[in-house]
Amino acid sequence: MTARLSPRQAILLRLAADGWSNKRIGRHEGTTEAAVGTELYRAYRILGAANRAHAVAIGFRTGVIR
């Protein structure tokens, strides 16, 4: 399940876990807030998460993010 996250999705999820907003992540990564939201949404679907907090919890539990 978790191996399907792209390296970019893992980075974005880590920044989300650190409490960063999509807007801040977008500025940091040189992309738009909407693009970050779309990529995180795709990560949530891959992880089977219902929302951002759930995705972060799954990420920590499975070792995708530390």
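Some ground rules before we start. Residues are numbered from 1 along each chain as its sequence is written, and side-chain values use heavy atoms, with hydrogens and water left out. Since this is a predicted model, local features need pLDDT of at least 70 and side-chain atom pairs count only at pLDDT 80 or more, while totals for chains, interfaces and linings use all residues.

So, confidence. pLDDT is the predictor's confidence in each residue, from 0 to 100. The protein averages 94, and 95% of the residues score at least 70. Helix α2, residues 22-29, has the highest confidence at 98, and α4 has the lowest, at a mean of 95. When I say helix, I mean a DSSP run of H or I with at least four residues, numbered from the N terminus.

The crossing is left-handed, meaning the near helix is turned anticlockwise from the far one by less than a right angle.

Who touches whom? On the α1 side you have Leu 13, Arg 14, Ala 16 and Ala 17, and they meet Arg 52, Ala 55, Val 56, Gly 59 and Phe 60 of α4. Contact means heavy atoms within 4.5 Å. Those residues divide into six nonpolar, one polar and two charged. In this count Ala, Val, Leu, Ile, Met, Phe, Trp, Tyr, Cys and Pro are nonpolar, Asp, Glu, Lys and Arg are charged, and the others, Gly among them, are polar.

Leu 40, Tyr 44 and Leu 47 of α3 make the contact with Arg 52, Ala 55 and Ile 58 of α4. By type, that's five nonpolar, no polar and one charged.

Now, which residues of α1 are buried? Gln 9, Ala 10, Leu 12, Leu 13, Leu 15 and Ala 16. Buried means under 20% relative accessible area, exposed over 50%, and partly exposed in between, with a 1.4 Å probe and protein chains only. The cover over them includes α2, α3 and α4. Just after α1, Gly 19 takes a positive phi of about 90 degrees.

Glu 39, in helix α3, counts as buried at 17% relative accessibility. Leaving aside neighbours within four places in sequence, Glu 39 is in contact with Ser 6, Gln 9 and Leu 12.

Ile 65 is in the segment after α4, and is buried with a relative accessible area of 3%. Beyond neighbours within four places in sequence, Ile 65 contacts several residues, including Ala 10, Leu 13 and Phe 60.

Last one: Ala 49, in the loop between α3 and α4, is buried at 15%.

Methods
Helix = DSSP H or I, 4+ residues; strand = E, 2+ residues; numbered from the N terminus.
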